[in-house]
Amino acid sequence: HRGVLAAGRRPSPLSLERLMLPAAATAGRWIICPQITNQENMGLVFRTAAGFGVDGILLGRRCCDPFSRRCLRTSMGAVFHMPLVRCDDLLGDLRELRHRWGVELFAAVLDPRAERLADVCWPPRAGLLLGHEFEGLGPQWLAECDRRVTIPMQPDTDSLNLGVAAGIFVYEMTRTARPR
């Protein structure tokens, strides 16, 4: 950019406890990103999450800064109002989500053996893990997930952009949770 765009204070970071307490007795949907490094993809995840009413986003330590200029622009400012937790120990937080808060964890994967997205019956409390743009989810993240889910692709198609795939997954994850 060519100069200062804005000056402001970053919102105070949320703890996992503060994120989860409002939804303690209700259903909820969360997006979990261990390592998104592309700022535009991060912005698309936030914009999609805000658009479909996701309850919060958890980011691992290896994620890019959600308050970067490119992320803010792509998110259309959704970063400022989406509940966000920057996790120092994401593996520990995933275990707490499952055992303390009763969240079923889903891994978004490219795997023909995984559940087809259209066939998934989403539970009332679900967390969706989205992997790195090129590497996907590593074995440590897959090991923490209860289920693996995939978007079926045509044989000659390698994959979708992370931001596009996030939009498809989040739409499916949240459509049954919204009132008809």
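Is Pro123 buried or exposed in this predicted model? At 14% relative accessibility, Pro123 counts as buried, where buried means under 20% relative accessible area, exposed over 50%, and partly exposed in between (1.4 Å probe, protein chains only). Residues are numbered from 1 along each chain as its sequence is written. Because the model is predicted, local features need pLDDT of at least 70 and side-chain atom pairs count only at pLDDT 80 or more, while totals for chains, interfaces and linings use all residues; side-chain values use heavy atoms, with hydrogens and water left out.

**View 1. Pro123 and Thr176.** Here we look at the loop between strand 5 (115-116) and strand 6 (125-129), which holds Pro123. Helices (H or I, at least four residues) and strands (E, at least two) are DSSP runs, numbered from the N terminus. Pro123 and Thr176 are 53 residues apart in sequence and 9.5 Å apart in space, C-alpha to C-alpha.

View 2. Glu17 is partly exposed at 32% relative accessibility, and Arg100 is partly exposed at 46%.

**View 3. Helix 2 meets helix 3.** Arg73 and Glu40 form a salt bridge whose closest N and O atoms are 3.9 Å apart. Since Arg73 sits in helix 3 (residues 69-75) and Glu40 in helix 2 (residues 39-51), the pair ties together parts 33 residues apart in sequence. Glu40 is partly exposed, at 22% relative accessibility.

View 4. Arg95 forms a salt bridge with Glu144, and their closest N and O atoms are 2.9 Å apart. Arg95 belongs to helix 4 and Glu144 to helix 5 (residues 139-144), so parts 49 residues apart in sequence are tied together. Arg95 is partly exposed, with a relative accessible area of 40%, whereas Glu144 is buried, at 8%. Salt bridges that share partners join Arg95, Arg98, Glu144 and Asp146 into one network.

**View 5. The largest pocket.** About 580 Å³ of space lies in the largest pocket. Of the 24 residues that line this pocket, the closest to its centre are Ala108, Leu110, His132, Glu133 and Gly136. On a 1 Å grid over the protein atoms alone, a pocket is an open set of points where a 1.4 Å probe fits, with protein on both sides within 12 Å along at least five of seven lines; lining residues have an atom within 4 Å of a point. Helix 6 gives the most to the lining, with 3 residues. By class, the lining has 12 nonpolar, 8 polar and 4 charged residues.

**View 6. Ser15, away from Leu110.** Ser15 lies in the segment before helix 1 (16-20) and is partly exposed, with a relative accessible area of 34%. Ser15 and Leu110 are 95 residues apart in sequence and 31 Å apart in space, C-alpha to C-alpha.

How values were computed. Grid points are joined across faces, edges and corners, and a volume is the space filled by probe spheres set on the points. Ala, Val, Leu, Ile, Met, Phe, Trp, Tyr, Cys and Pro count as nonpolar, Asp, Glu, Lys and Arg as charged, and the others, Gly among them, as polar. A salt bridge is a side-chain nitrogen of Lys or Arg within 4 Å of a carboxyl oxygen of Asp or Glu.
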